[in-house]
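Colleague: I have a model open and want to learn how to read it. Can you take me through the features in turn?

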Amino acid sequence: MGKSGKKPRESHRQGRGRRASHFGDEDGDDLPSSAYDAPPCQNEDSSDDNDDTSEATLEDEPERDAEAGEQDQWQGSMPSKFHLYQLSVQSPKGDISYLQKFFLMYVGGRVPLHLQEDFCGTALLSTEWIRTDARRTAIGLDLDLESLEWCLENNLSKIGADGYSRMLLFHGNVLQPKEARFVKQKFSDLVHSLDVNNDNGSGSNSCEQTGLADSKYLANSTMSEAAFPGRDIICAFNYSCCCLHNRKHLVLYFRHVCSALSKRGGIFVMDAYGGTSSERKLRLQRKFPSFTYFWEQDEFDIISRQTRISLHFQAGKKQMLRHAFTYHWRLWSIPEIKDCLEEAGFKSVHVWIREMPNTQSSGNAKEYNANRDVKYEELQRFNQGDAWNAYVIGVANI
Ligand SMILES: C[S@@+](CC[C@H](N)C(=O)[O-])C[C@H]1O[C@@H](n2cnc3c(N)ncnc32)[C@H](O)[C@@H]1O
């Protein structure tokens with residue numbers, strides 16, 4: 001999701017129950033990230049004004065059976081798939097603005113400083129979190145070492161040495177977070193510490209230390225060995241909880257989250273998407289000045305509620321990176337998520353939802369441009385439609 005630059009519309013759909021909570025104009029223009037609702041190009045450093053992708057579609061591209069063939073085409077000209085992903089999918093300013101508002105609304109009483117980004121990928125959100133306030137810290141956790149290392153070299157490196165002292169990345173499974181290993185940047189020894197002084201809560205996960213952990217200690221440590229402040233906010237964005245396929249795992253994950261949140265109160269925020277368009281084959285595309293982003297959805301299995309999502313990128317007329325990212329997802333319903341959060345110990349659960357543009361409204365339904373006037377609202381009821389996007393917020397320890 002990206003920037004709207006426009007004022008929110010008062011009412012965007014009839015026949016739905018809705019409550020008063022509604023972000024007003026003062027909330028700014030940024031919407032959060034979503035692979036489903038890609039933001040318009042913001043900072044893409046492209047000189048390609050001719051948009052020579054305009055005729056390109058996924059179908060036009062001949063199938064290639066070997067990834068190697070594709071790789072050849074990228075050499076020397078194409079940015080990394082992570083860079084393309086960040087440009088097309090992520091909007092960290094919007095994410096942060098919503099996270100802060102949710103925190104102030106459901107916890108309040110202090111400014112949230114400690115973020116944990118689960119399923120963080122390249123941890124762009126964490127990087128932006130620490131970049132925009134020197135008091136903040138961030139922890140990122142992901143199974144994919146390549147994306148974590150890419151973050152260190154391409155995102156965190158832009159912040160300077162101070163960044164390395166306030167953001168730590170861990171390689172591991174969210175289902176076994178304590179075993180996740182600290183990821184040390186290859187090119188420097190800049191990691192000194194995570195400031196553990198800011199959580200004054202009485203909870204067991206609060207770090208009582210007053211000093212800073214030292215880099216040698218962190219270098220080989222697991223998450224359980226490193227001492228952290230209780231987190232104010234933990235998030236799992238871009239539908240990452242769909243990577244967990246069974247209920248036991250979802251509840252286990254939520255329990256880990258609950259216990260890592262500050263004993264002074266904290267929130268967990270995840271996103272979900274749905275609608276009739278999410279349960280069938282679907283292809284969406286969005287053009288950026290120098291490349292086109294494709295979201296491709298396989299058939300939806302109603303027994304397992306699973307599907308496969310592939311993200312592709314195309315630059316120029318011929319350069320195509322197919323299956324840059326592939327996810328096998330279970331689409332959790334909102335009541336399932338709510339039940340699991342409550343079972344895991346969250347005190348209250350809130351749902352903020354936004355209708356998405358109808359995927360069949362345009363002629364060939366290929367070009368997908370979200371209506372950025374439509375903001376998220378906290379709702380108790382929402383009638384099924386073609387496409388929606390939601391934030392589910394679990395509030396803990398208050
Ligand atoms: C859809 S991507 C989301 C990346 C990022 N959060 C974002 O907002 O764009 C899902 C990420 O979850 C990671 N992942 C999947 N299963 C995981 C698990 N069990 N534990 C930790 N990370 C996992 C993948 O490696 C991938 O980076």
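Modeller: Start with burial. Buried means under 20% relative accessible area, exposed over 50%, and partly exposed in between, with a 1.4 Å probe and protein chains only. Here, 59% of the 398 residues of the protein count as buried. Note that this is a predicted model: local features need pLDDT of at least 70, side-chain atom pairs count only at pLDDT 80 or more, and totals for chains, interfaces and linings use all residues. Residues are numbered from 1 along each chain as its sequence is written, and side-chain values use heavy atoms, with hydrogens and water left out.

Colleague: How many helices and strands does the protein have?

Modeller: Both are DSSP runs, numbered from the N terminus: helices are H or I with at least four residues, strands are E with at least two. The protein has nine helices and 13 strands.

Colleague: Why is helix H4 largely enclosed by the rest of the structure?

Modeller: Count its buried residues. H4 spans residues 124-131, and seven of its eight residues are buried, so the helix is largely enclosed. Those buried are Leu124, Leu125, Ser126, Thr127, Glu128, Trp129 and Ile130.

Colleague: How do I read contacts along the chain?

Modeller: Contact means heavy atoms within 4.5 Å. Take pairs in the protein at least 6 apart in sequence: 75% of their contacts join residues at least 24 apart. Ala396 gives a local case. Its place is strand E13, residues 388-396. Ala396 is buried, at 0% relative accessible area. Leaving out residues up to four places away in sequence, Ala396 touches Cys258, Leu261, Gly265, Gly266 and Phe346. C-alpha separations can be read too: Ala396 and Asp232 are 164 residues apart along the chain, with C-alpha atoms 9.8 Å apart. Likewise, 9.5 Å separates the C-alpha atoms of Leu87 and Tyr293, which are 206 residues apart along the chain. Leu87 belongs to helix H2, residues 81-89, and counts as buried at 16% relative accessibility.

Colleague: Which side chain makes a polar contact with that of Glu296?

Modeller: First the rule. A polar contact is a pair of N or O atoms within 3.5 Å; within protein, one must be able to donate a hydrogen and the other to accept it, and residues adjacent in sequence count only if both atoms are side-chain atoms. The partner is His312, at 2.7 Å. Glu296 sits in strand E8, residues 292-297, and is buried at 15% relative accessible area. Another pair is Ser97 and Lys101, whose side chains make a polar contact of 3.1 Å. Ser97 lies in helix H3, residues 92-106, and is buried at 14%.

Colleague: Now the ligand. How many residues surround the ligand, and which are the closest?

Modeller: A residue is near a molecule if one of its heavy atoms lies within 4 Å of it. The ligand is surrounded by 17 residues, the closest being Tyr85, Phe119, Asp142, Asn173 and Val174.

Colleague: Which atoms should I check there?

Modeller: Look at the N and O atoms. A nitrogen atom of the ligand lies 2.6 Å from a backbone N or O atom of Phe119. An oxygen atom of the ligand lies 2.6 Å from a polar side-chain atom of Asp142. For Leu143, a backbone N or O atom is 3.2 Å from a ligand nitrogen atom.

Colleague: How much of the ligand's area does the protein bury?

Modeller: Accessible areas come from the Shrake-Rupley method with a 1.4 Å probe; for residues, only the protein chains shown count as cover. Taken alone, the ligand exposes 600 Å², and the protein buries 89% of that.
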